[in-house]
Amino acid sequence: MTELLDAVDDLTLPKPVKVQTDDGYTWATEDALLVQLREAVSSSLNSGSGAGGSPSTRNVLDGDALQKAAIITSQIGDWCRMAGMTGEQITRDAVTDLRAWHAAFLARNEPEEFYLGQLRAWAAQIRAMVNPPKVIEITAPCPVCRQGSYVNDMGERITNPLALTYRPDSDHMWKNSRVLCRACDAVWVGGEAMEELRDELEERDTA
């Protein structure tokens with residue numbers, strides 16, 4: 001049951017995070033994932049909140065966050081009822097209800113695999129929503145198709161088809177990174193693939 005508690009904690013408890021600064025690194029406290037999701041929703045309900053990013057970007061994020069928060073809150077409520085909690089015990093606050101559900105669930109001695117998978121999926125979805133990965137272009141032709149440009153969805157020809165997607169805050173940044181060639185759809189995923197791509201690009205530069 002430790003894994004299940006870890007998954008609940010990941011969604012409901014704040015956690016320390018290492019933040020890069022001009023002088024190196026410092027530590028800060030990051031809100032619980034469900035709290036971050038709730039804050040993304042609240043920014044859509046308060047148009048004068050001054051949230052960062054362009055209005056169009058915020059609207060997309062907040063609309064997705066609103067839908068995701070509603071689904072998660074409803075699902076947790078269903079779990080609470082299945083675990084024997086009454087309507088008066090369900091607060092409709094996702095953090096409070098999820099922790100209450102976990103306590104009730106432990107007393108029932110039921111299999112946890114489904115719930116563990118769902119909790120981990122929610123955590124991944126929220127992280128992707130509130131902290132999308134970084135994308136940078138690699139200024140070199142694709143080593144597979146040899147193209148130095150590609151045609152986008154608007155019919156425009158764009159240089160640098162190789163796009164690197166990564167999460168700078170990840171403990172395994174290169175392991176979870178991905179490069180896509182937008183000209184031929186070749187893909188490199190993970191640390192070994194990144195090294196292979198780097199070697200191929202260096203060989204081409206020195207050829």
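In what order do the four strands of the open sheet stand? They run β3-β6-β7-β8, with antiparallel pairing, where two strands pair if DSSP finds at least two bridges between them. Please keep in mind that this is a predicted model, in which local features need pLDDT of at least 70 and side-chain atom pairs count only at pLDDT 80 or more, while totals for chains, interfaces and linings use all residues. Residues are numbered from 1 along each chain as its sequence is written, and side-chain values use heavy atoms, with hydrogens and water left out.

**The chain as a whole**

- The chain has six helices and eight strands; these are DSSP runs numbered from the N terminus, with helices being H or I of at least four residues and strands being E of at least two.
- Reading from the N terminus, the order of elements is α-β-β-α-α-α-α-β-β-β-β-β-β-α.
- Of the 207 residues in the chain, 33% are buried; buried means under 20% relative accessible area, exposed means over 50%, and partly exposed lies in between, with a 1.4 Å probe and protein chains only.
- Take the contacts (heavy atoms within 4.5 Å) between residues at least 6 apart in sequence: 47% of them join residues at least 24 apart.

**The open sheet**

- β3 and β8 (187-189) are the edge strands, and each has a single partner strand, so one side of each has no neighbour in the sheet.
- From one strand to the next, the twist averages 20 degrees.
- Strand β3 (residues 134-138) is joined to β6 by five bridges, and the two run antiparallel.
- Within that pairing, E137 has A163 of β6 opposite it.
- On to the next pair: β6 and strand β7 (residues 178-181) share four bridges and also run antiparallel.
- Two bridge partners in β7 can be picked out here: R178 for T165, and V179 for L164.
- Strand β6 (residues 162-166) is mostly covered, with four of its five residues buried.
- As background, strands of a sheet pair through backbone hydrogen bonds, either parallel or antiparallel.

**Helix α1 and its partners**

- Helix α1 (residues 2-12) packs with helix α5 (residues 113-130) at an angle of about 25 degrees, their axes 9 Å apart.
- Axes here are lines fitted to C-alpha atoms, for helices over the stretch in contact, and angles run from 0 to 180 degrees between N-to-C directions.
- α1 and α5 are therefore roughly parallel to each other; angles under 35 degrees count as roughly parallel, over 145 as roughly antiparallel, 65 to 115 as roughly perpendicular and the rest as oblique.
- The α1 residues E3, L4, A7, V8, D10 and L11 meet Y115, L116, L119, R120, W122, A123, I126 and R127 of α5.
- By class, the residues of the contact of α1 with α5 are 10 nonpolar, no polar and four charged; Ala, Val, Leu, Ile, Met, Phe, Trp, Tyr, Cys and Pro count as nonpolar, Asp, Glu, Lys and Arg as charged, and the others, Gly among them, as polar.
- With α4, the α1 axis crosses at roughly 170 degrees and comes within 10 Å.
- That makes α1 and α4 roughly antiparallel.
- On the α1 side of this contact are L4, L5, V8, D9, L11 and T12, which meet V95, L98, R99, W101, H102 and F105 in α4.
- The contact of α1 with α4 divides into eight nonpolar, two polar and two charged residues.

**Around I90**

- I90 sits in the loop between α3 (55-82) and α4 (94-106).
- Is I90 buried or exposed? It is buried, with a relative accessible area of 11%.
- Not counting residues up to four places away in sequence, I90 touches G77, C80, R81, M85 and D97.
- I76 is 14 residues from I90 along the chain, and their C-alpha atoms are separated by 9.2 Å.
- D78, which lies in helix α3, is 12 residues from I90 in sequence and 9.6 Å from it in space, C-alpha to C-alpha.
- D78 is partly exposed, at 32% relative accessible area.

**Two backbone points to look at**

- Most residues other than glycine have a negative phi.
- R92 is not a glycine, yet it has a positive phi of about 70 degrees.
- R92 belongs to the loop between α3 and α4 and is exposed, with a relative accessible area of 57%.
- R146 also has a positive phi of about 70 degrees without being a glycine.
- The loop between β3 and β4 (149-151) holds R146, which counts as partly exposed at 49% relative accessibility.
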